[in-house]
Amino acid sequence: MQVQNLNGVIAVAAGGEQSLALKSDGTVWAWGRNDVGQLGDGTTAERHTPVQVHTLNGVTAIAAGQAHNLALKSDGTVWAWGGNDAGQLGDGTTTTPRPSPVQVHNLNGVTCVAAGDNHSLARKSDGTVWAWGGNGDGQLGDGNPTSFRPSPVQVHNLSGVTAVAGSGEALHTLALKITSPPFAGIVEAWGWNFSGQLGDGTTVFSRPSPAPVATVSAAEAIATGTRHSLAVGARRAYLNVRNILVHPDIHHRRLFNLRIDGVVVRANDNGGNTGFQSLSPGIHTVDETGGMGTPLSAFEVVIGGDCAADGTINLGLAAVKTCTITNYDHVGGCGGTSICCEPGDGTKGCLVCSKPGKGCPGP
């Protein structure tokens with residue numbers, strides 16, 4: 001059903017039991033639960049229709065946590081209101097409630113914000129990420145988990161970030177990080193990991209510093225749930241360097257068939273059989289083929305990482321190794337040779353992979 005008395009909206013956000021809307025005039029409106037002032041109207045009365053957040057204008061982005069909210073203003077400052085028991089409002093205190101917006105301390109030049117269960121995040125124009133609030137599960141990413149931090153601290157070893165993601169009940173965080181092409185869109189994660197929501201291949205209870213999400217190398221957008229995470233892959237990424245993860249699991253012992261840069265990449269073992277394969281510990285050969293098992297003979301192939309230059313790799317039980325395969329079009333043309341993609345992978349065609357100065361990097 002339509003929200004009453006609300007129009008001109010350009011963005012919305014949903015928290016634990018409160019909703020927010022940003023209007024084109026830079027004002028913020030809220031409705032729902034308000035027991036700790038999460039509607040920002042100066043009261044703690046529940047509202048069933050939208051009310052305007054007090055003393056707040058010039059807003060360009062909003063985020064909603066479990067019981068607190070954030071607003072980014074056009075001057076790069078961040079304002080917060082609602083629950084503050086873990087310092088998630090970033091004003092240097094743990095006073096609660098805050099029924100009207102307060103400015104986050106020592107923070108400017110911000111371009112986007114995100115809110116988790118009891119913590120808050122901001123991405124600055126220099127690509128760094130800053131966090132404040134609850135930190136018992138390392139969700140602030142500063143490498144030193146504590147009960148809380150009421151003022152912003154910088155997330156460790158993280159730069160080149162274009163977006164951050166949190167959600168109303170999440171105790172973990174994602175960051176979308178830009179690196180050298182073609183790996184535009186690396187995702188890093190930190191915080192609570194009880195259900196493997198950090199995507200690092202483990203269920204270690206928590207991580208207080210960012211770690212890359214395994215196998216994701218061309219993401220365009222990210223989102224978090226309470227115990228899961230999501231990334232949207234590039235729809236037609238330029239293929240150049242691919243990482244192939246080789247993992248002879250104790251129970252499965254197979255080569256993983258991974259989606260890298262938006263297409264299916266096959267890793268072959270000794271003879272060209274593609275797809276999932278049973279592997280015993282020992283020395284194997286990792287190679288790459290195009291669609292239907294056709295070798296990429298028209299390409300100059302460079303193999304590195306955990307693989308030797310000839311593609312051999314020594315696997316042990318439960319070993320996890322990464323082989324980096326770079327394909328270069330050594331004939332120097334974009335139209336003559338291409339990597340044929342797997343049927344049904346959504347690319348509907350073939351992609352060209354060229355070496356700088358030899359051919360052209362196609363779409």
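I looked up Phe205 first: at 46% relative accessibility it counts as partly exposed. My cut-offs are under 20% relative accessible area for buried, over 50% for exposed and partly exposed in between, with a 1.4 Å probe and protein chains only. I am reading a predicted model, where local features need pLDDT of at least 70, side-chain atom pairs count only at pLDDT 80 or more, and totals for chains, interfaces and linings use all residues. Residues are numbered from 1 along each chain as its sequence is written, and side-chain values use heavy atoms, with hydrogens and water left out.

**Aromatic rings**

I then checked what pairs with Phe205. Rings of Phe, Tyr and Trp (its six-membered ring) pair if their centres lie within 6.5 Å; planes under 30 degrees apart are stacked, over 60 edge-to-face, the rest tilted. I noted three aromatic pairs by this rule. Trp192 and Phe205 are edge-to-face, with 6.4 Å centre to centre and 70° between the planes. Trp192 sits in strand S15 (residues 184-192) and Phe205 in the loop between S15 and strand S16 (206-212), so this pair ties together parts 13 residues apart in sequence. Strands here are DSSP runs (E, at least two residues), numbered from the N terminus. Trp192 is buried, at 13% relative accessibility.

Phe194 and Phe205 have ring centres 6.4 Å apart and planes at 75°, so I logged this pair as edge-to-face too. Both Phe194 and Phe205 lie in the loop between S15 and S16, so the pair links parts eleven residues apart in sequence. Phe194 is partly exposed, with a relative accessible area of 46%. I recorded Trp192, Phe194 and Phe205 as one aromatic cluster.

**Salt bridges**

I counted seven salt bridges in the structure, each a side-chain nitrogen of Lys or Arg within 4 Å of a carboxyl oxygen of Asp or Glu. Arg33 meets Glu17 at 2.8 Å, N to O. Arg33 is in the loop between strand S3 (28-32) and strand S4 (47-52), and Glu17 in the loop between strand S1 (9-14) and strand S2 (18-23), so the bridge ties together parts 16 residues apart in sequence. Arg33 is partly exposed at 35%, and Glu17 is partly exposed at 48%.

Arg149 meets Asp142 at 2.5 Å, N to O. Asp142 is buried at 7%, while Arg149 is partly exposed at 21%.

Arg207 meets Asp200 at 2.3 Å, N to O. Arg207 is partly exposed at 28%, and Asp200 is buried at 19%. I also noted that shared partners join Glu17, Arg33 and Asp35 into one salt-bridge network.

**Sheet**

I traced an open, antiparallel sheet of four strands in the order S9-S10-S11-S12. Strands pair if DSSP finds at least two bridges between them. S9 (110-115) and S12 (148-154) are the edge strands, each pairing on one side only. Strand S11 (residues 129-134) runs antiparallel to S12, and four bridges join the two. Gly134 stands opposite Phe148 in S12.

**Confidence**

I checked pLDDT, the predictor's confidence in each residue, from 0 to 100. The chain mean is 76, and 66% of its residues reach 70 or more. Residues 235-278 stay under 50, with 155 contacts in the model beyond four places in sequence. A contact means heavy atoms within 4.5 Å. Where pLDDT is low, the predicted coordinates should not be read in detail.
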